[in-house]
Amino acid sequence: MREVYRHKSEVATRALRESCGNLIRFTPPRGSFFLWAAVNERVDWPRAQREIREAGIMLRPASRFATQDERSLIRLAYGHCDDRTITEGLGLLGQILHRCLRKDAT
């Protein structure tokens, strides 16, 4: 099972780097079911959250898991997804984050 989840974490890491670039910061997991990521402050996060929900992407804000209110820290779970779903979902996330860049941040 470790190899299965290590592979999924590699797929997720590659997809995040390719689609989100510097709009998201994270430490690649060494196998896991999820990863934590911080969205760059140049992104209009309230707008991005709305678009993410409308696109059907499931993610959880850090406030659901900790007492701190890290408004743009998110948990992305990929353990139950196949490679295609991970790649397409994170690709869509990247499109949304790029679209939601603040005009004064470009």
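At the start of helix α3, a side-chain oxygen of Asp82 comes to within 3.2 Å of the backbone nitrogen of Arg84. This is a polar contact (a pair of N or O atoms within 3.5 Å; within protein, one must be able to donate a hydrogen and the other to accept it, and residues adjacent in sequence count only if both atoms are side-chain atoms). The model is predicted: local features need pLDDT of at least 70, side-chain atom pairs count only at pLDDT 80 or more, and totals for chains, interfaces and linings use all residues. Residues are numbered from 1 along each chain as its sequence is written, and side-chain values use heavy atoms, with hydrogens and water left out.

Helix α3 covers residues 83–99, 17 residues in total. Helices (H or I, at least four residues) and strands (E, at least two) are DSSP runs, numbered from the N terminus. From first C-alpha to last, α3 reaches 24 Å, close to the 24 Å expected at 1.5 Å a residue. The expected span is 1.5 Å times one less than the number of residues.

Several residues of α3 are buried: Ile86, Leu90, Gly91, Leu93, Gly94, Ile96 and Leu97. Buried means under 20% relative accessible area, exposed over 50%, and partly exposed in between (1.4 Å probe, protein chains only). The cover over these residues includes α1 (2–20), α2 (45–54), β1 (24–26), β2 (34–39) and β4 (73–77).

The whole structure holds 4 salt bridges. A salt bridge is a side-chain nitrogen of Lys or Arg within 4 Å of a carboxyl oxygen of Asp or Glu. One of them pairs Arg6 with Glu3, at 3.3 Å from N to O. Both residues lie in helix α1, 3 residues apart, so about one helical turn separates them. Arg6 is partly exposed, with 35% relative accessible area.

Glu51 counts as buried, at 16% relative accessibility. Arg47 is partly exposed, at 28%.

Glu51 also forms a salt bridge with Arg99, whose closest N and O atoms are 2.8 Å apart. This pair links distant parts of the chain: Arg99 belongs to helix α3 and Glu51 to helix α2, 48 residues apart. Arg99 is partly exposed, at 43% relative accessibility. Through shared partners, salt bridges join Arg47, Glu51 and Arg99 into one network.

Technical notes. Contact = heavy atoms within 4.5 Å.
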